[in-house]
Amino acid sequence: MDKEIPTDAPNLRQKELEEISSKISDLDKWRKIFSWHGLEVNHTTHQKYQDPKPDDDKEDAAGATNSPLKQDQFPSNSLHSIPKALLVSSNLGGQPISLEMAVGLRKMLFGSLFQVFSYEWKKAYFRFHEPCADLAYALKTDKGGAIAIQMAVQVNVIKYLLFVQNKEENIHLQSLCELNQKEQEKALVAALTDILWTAGEGQKATICLVSNETYWTPSTDYRVDNITEGVRLFDFFEKDAAEKFLCDHIHCLSCEGSHGVILFLYSLLFSRTFERLQKDLDFTTTHLLQCRLGTFICRQAILNTILTGRASPHVFNGVQRLDTEGSVQKLLHGVLSRSDVGYLHWSKDEVENHQLLQVGSMLRTPKLPIWLCNINGTYSILFSTNRLLLSDWKMEHLFDLYFYNGQPSQKTTVHLTVDTHSHHWEENHREEGSNAEKRVPSVEMAIRTKWEGAAINWNGTTPF
């Protein structure tokens, strides 16, 4: 005998359908709100930092087509993607970033209020290779534009380890491989502090951390990034005080999820101040990040700020005058003085087009033998453990350099021996013609922008 169906079953089904429709409607409403805040709601939302190309790297189409929602419809302080352990309390002090500051920061970096950092930038932070190992002194790098900042900081880490912490004339490379975790942390703190203090012209350093609160409601023409809105600025007028504070909070820049590279970049700009930055720059550089191949890369001014303390847009010495139409001269701002650390540049494409960027002697010959290298658009480090290498020309006849490129494939430091007096490379180069450059490793060509005609021995390492 068939079971009798209750007469109210259709009504129950109808109520269930209405409840489901209501939930779908609510979900759609929240999706719009998340989209307006630069986020995305889907079935992978819970997989934090696992999607290699999330939608916030794409153009925010929803934000352009949907009608604007009021910013206070969503509690902004619940949107931080930073782990709670890396957020500082507002009771710690400091100054909360204002809307005016955030707008100035966004314009200085992107030239627009609607651009925000990509997933790759947000993921980047400062961390070393394994302690007490071949690359214990070296920072790991991330993909995208943040690698330039990480490698520029690496230059200053090596400077501290070789020539600031160590007062002796020379130390062996092996000492860099024996660092424990505490020594790694100390080196990072010292390097970051020195960069910020130099950018502040020895008068002030500003350290930016993210708090668990926000204090203002963004305007509709400001795209929320859920980092900047919670920033607190801590100003220090003594270098030792800045270093101690950074030591106490270095985990806020060196742990996964901290957005450490972005916070350091903010600290750098606020230490330099917007007023000084405007004076440093010229008409060729109106903002500090450049969009290329779908990501934002650092312009030279950011790298020069880290290397020299001044946001010079160019790498030549001094100031150059450029004649324009109407007999109006415009000034191009280069590097004004010799810095502690240097910079080398070589590009195969630029050479083939006869447009190789010429680095001035201020950066090619720094006070200490450490260089950030831009080789075919990839950043790497060359350094010597001999602090007097650039102080005595006799030492530049035959000497050792060490090379680190930050790539995961590099497991040990490359040892190069440079001979500037044998001249056999020059002879081979003349015999084989211009095609020789195409077969010579780009690292060697970069070294020859400093020591022309030098012969380089890779000491058993396969050249790359």
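The model is predicted: local features need pLDDT of at least 70, side-chain atom pairs count only at pLDDT 80 or more, and totals for chains, interfaces and linings use all residues. Residues are numbered from 1 along each chain as its sequence is written, and side-chain values use heavy atoms, without hydrogens and water.

Six strands form an open sheet in the order 8-9-10-11-12-13, with mixed pairing. Strand 8 (342-346) and strand 13 (455-457) are the edges, each pairing on one side only. From one strand to the next, the twist averages 30°. Strands are DSSP runs of E, at least two residues; helices are runs of H or I, at least four; both are numbered from the N terminus. Two strands pair if DSSP finds at least two bridges between them. Strand 9 (residues 370-375) and strand 10 (residues 378-383) are antiparallel, over 6 bridges. Ile375 stands opposite Thr378 in strand 10.

Contact means heavy atoms within 4.5 Å. Axes are lines fitted to C-alpha atoms, for helices over the stretch in contact, and angles run from 0 to 180 degrees between N-to-C directions.

| Helix | Lies across | Angle |
|---|---|---|
| Helix 5 (residues 146-164) | strand 9, strand 10, strand 11 (398-404) | about 10° to strand 10 |
| Helix 11 | strand 8, strand 9, strand 10 | about 150° to strand 8 |

Helix 11 (residues 300-308) is mostly covered, with 8 of its 9 residues buried. Buried means under 20% relative accessible area, exposed over 50%, partly exposed in between (1.4 Å probe, protein chains only). Among the buried residues are Gln300 and Leu307. Gly309 follows helix 11, with a positive phi near 90°.

**Strand 7.** Leu331 is found in strand 7 (residues 329-333). Leu331 is partly exposed, at 34% relative accessible area.
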